Amino acid sequence: MLVERMVKEAEKFAREDKEKRDAIDTKNQAESLVYQTEKQLKELGDKVPAPVKDKVEAKVKELKDAISAGRSTQAIKDAITSLNQEVMQLGQSLYSQPAAPSGVDGSSSGKGSNGDGDGDVIDADFSESK
């Protein structure tokens with residue numbers, strides 16, 4: 001009897017622990033996503049079209065509100081999914097922009113260094129003989 005009761009209690013606590021762990025992991029994931037997204041927006045600056053930036057910032061705010069309000073794990077997961085979709089749209093809008101702005105980043109300098117040779121690099125030891 002005592003063993004059976006202890007097993008049932010252990011199962012009950014295991015479920016509760018799993019739910020708590022899921023909630024903590026979800027909150028950590030959400031906070032990380034907020035940080036990364038804000039950092040990315042700051043780094044990209046004016047390269048992000050204003051309408052896209054506004055949508056992403058709105059989704060970041062929704063996720064922050066969900067975290068701070070202590071909403072359910074599922075509500076936070078839904079906000080994470082929504083923000084991820086907007087971040088993908090952000091990436092697509094940057095990818096679809098003309099190539100000229102991206103050349104300013106230094107991608108054109110990489111092309112210039114490869115243009116004068118065939119691009120093969122040979123690593124060898126060198127020694128002088130007299």
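This is a predicted model: local features need pLDDT of at least 70, side-chain atom pairs count only at pLDDT 80 or more; totals for chains, interfaces and linings use all residues.
1. Axes here are lines fitted to C-alpha atoms, for helices over the stretch in contact, with angles from 0 to 180 degrees between N-to-C directions.

2. Residues are numbered from 1 along each chain as its sequence is written, and side-chain values use heavy atoms, with hydrogens and water left out.

3. Next, the overall layout. The protein chain has four helices and zero strands, so its elements read α-α-α-α from the N terminus on, where helices (H or I, at least four residues) and strands (E, at least two) are DSSP runs numbered from the N terminus. Of the 130 residues in the chain, 17% are buried, that is, under 20% relative accessible area with a 1.4 Å probe and protein chains only (exposed is over 50%, partly exposed in between). Among contacts with a separation of 6 or more, 72% join residues 24 or more positions apart; contact means heavy atoms within 4.5 Å.

4. Now α1 itself. Its 43 residues should span 63 Å at 1.5 Å a residue, and the end C-alpha atoms are 62 Å apart, which agrees; the expected span is 1.5 Å times one less than the number of residues. Thr26, Ala30, Leu33, Val34, Thr37 and Leu41 are its buried residues, and they pack against α2 and α3. After α1 comes Gly45, with a positive phi near 55 degrees.

5. Leaving aside residues up to four places away in sequence, Asp22 touches Thr73 and Lys77. Asp22 and Thr73 are 51 residues apart along the chain, yet their C-alpha atoms are separated by 7.7 Å.

6. Then there is α3, covering residues 73-95. This helix has 23 residues and reaches 33 Å from its first C-alpha to its last, close to the 33 Å expected. Its buried residues include Ile76, Ile80, Leu83, Val87 and Leu90, along with Ser82, Glu86 and Ser93. The buried residues of α3 pack against α1 (2-44) and α2 (50-68).

7. Finally, how do α2 and α3 meet, parallel or antiparallel? The axes come within 9 Å and cross at roughly 160 degrees, and the two helices are therefore roughly antiparallel to each other. α2 passes α3 in a left-handed crossing. On the α2 side, the residues in contact include Val52, Val56, Val60, Leu63 and Ile67, and on the α3 side they include Ile76, Ile80, Leu83, Val87 and Leu90. By class, this contact has twelve nonpolar, three polar and three charged residues. Ala, Val, Leu, Ile, Met, Phe, Trp, Tyr, Cys and Pro count as nonpolar, Asp, Glu, Lys and Arg as charged, and the others, Gly among them, as polar.

Note on methods
Angles under 35 degrees count as roughly parallel, over 145 as roughly antiparallel, 65 to 115 as roughly perpendicular and the rest as oblique. A crossing is left-handed if the near helix is turned anticlockwise from the far one by less than a right angle, and right-handed if clockwise.
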